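Hi everyone, thanks for coming. Please have a look at the sequence and the model on the screen, and I'll walk you through a few places in it.

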Amino acid sequence: MSKRSVGAAMDFSFPTPEERQAAMCVCCGSHCPGCESPDDYAWRRRDVDLSLLTDEVIKTRLTPREREVTEAYWFDGLTVSAIAEKIGVCPSSVSRRLEKAQRKIYDALSFTVKYQHDLESVEFLPIAVRRALAVSAAKRYEPESIGGRIKKLRCGENIGEQMLCDALGMRIKTLRMIESGEKEPSLHQLTELAGFFGTTADYLLKGEEK
């Protein structure tokens, strides 16, 4: 089975960069002022909650082989053929594992999705799972910019803009410009940000391991 046919059966595929970027500001469940409205946050908070359950299902209910192909397909964006070549099995074997994993995830999340959205049927299930996977992928996504890495660290520790700015004596406007890439932090700001998050300036600058 090709990636296209598997994707059609599942009704979701590897989250796009835009979807992952949109999910990043709520990847920890916090509301980032300036990134989203309270109404958007209330809606996407459900995506965050469901993503936590999805992660747990993948970790605890899938077999090691199912988990391997599931993460490669959904989070790494590999095709069925690429996964088969990587792990040394035939493509049909990868497709079967993906289908089994899909059924387990759907079965585990169907009640939660119906409860979240007050639905009698599970028609919304594929869409809800895709949105949850976009949040999960955002957690694994490593931003390419300095500002993106700063924002990911801040959101990952559930730290609001005001809290960070108060701690560093920085204006919110400056922080937002840094996180959006409109402005690069000064050497002093970079050092303070690295110290605040317990990381290194090299990580913020180049994305090297903390």
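Let's begin with helix H4, residues 64-74, and helix H5, residues 80-87, which pack at an angle of about 135° with their axes 10 Å apart. An axis here is a line fitted to C-alpha atoms, for helices over the stretch in contact, and angles run from 0 to 180 degrees between N-to-C directions. That angle makes H4 oblique to H5; angles under 35 degrees count as roughly parallel, over 145 as roughly antiparallel, 65 to 115 as roughly perpendicular, and the rest as oblique. H4 passes H5 in a right-handed crossing. For the handedness, a crossing is left-handed if the near helix is turned anticlockwise from the far one by less than a right angle, and right-handed if clockwise.

Which residues make this contact? From H4 we have Glu68, Val69, Ala72 and Tyr73, and from H5 we have Val80, Ile83 and Ile87. Contact means heavy atoms within 4.5 Å. Sorted by class, the contact of H4 with H5 has 6 nonpolar, no polar and 1 charged residues. In that sorting, Ala, Val, Leu, Ile, Met, Phe, Trp, Tyr, Cys and Pro count as nonpolar, Asp, Glu, Lys and Arg as charged, and the others, Gly among them, as polar.

A word on where this comes from: it is a predicted model, where local features need pLDDT of at least 70, side-chain atom pairs count only at pLDDT 80 or more, and totals for chains, interfaces and linings use all residues. Residues are numbered from 1 along each chain as its sequence is written, and side-chain values use heavy atoms, with hydrogens and water left out.

Is Val94 buried or exposed? Val94 is buried, with a relative accessible area of 0%. The cut-offs are under 20% relative accessible area for buried, over 50% for exposed, and partly exposed in between, with a 1.4 Å probe and protein chains only. Leaving aside residues up to four places away in sequence, Val94 touches Val69, Val80, Ile83, Ala84, Ile87 and Val89. Val94 and Tyr73 are 21 residues apart along the chain, and their C-alpha atoms are separated by 9.7 Å.

Let me step back to the whole chain. The protein chain has 12 helices and 0 strands. Helices (H or I, at least four residues) and strands (E, at least two) are DSSP runs, numbered from the N terminus. Of the 210 residues in the protein chain, 44% are buried. Among contacts with a separation of 6 or more, 62% join residues 24 or more positions apart.

H9 passes H10 in a right-handed crossing. Here Glu161, Gln162, Leu164 and Cys165 in H9 meet Ile172, Leu175, Arg176 and Glu179 in H10. The residues of this contact divide into 4 nonpolar, 1 polar and 3 charged.

H9 has another partner, helix H11, residues 187-197: their axes come within 11 Å and cross at roughly 115°. This crossing is right-handed. Leu164, Ala167 and Leu168 of H9 contact Glu192, Leu193, Phe196 and Phe197 of H11. By class, that gives 6 nonpolar, no polar and 1 charged residues.

Phe196 and Phe197 also pair with each other. The structure holds 1 aromatic pair, and Phe196 and Phe197 form it edge-to-face, 5.1 Å centre to centre with 85° between the planes. Rings of Phe, Tyr and Trp (its six-membered ring) pair if their centres lie within 6.5 Å; planes under 30 degrees apart count as stacked, over 60 as edge-to-face and the rest as tilted. Phe196 is partly exposed at 30% relative accessible area, whereas Phe197 is buried at 8%.

One last stop is Ile146, in helix H8. Ile146 is buried, with a relative accessible area of 15%, and its C-alpha atom is separated by 5.5 Å from that of Leu205, 59 residues away along the chain.
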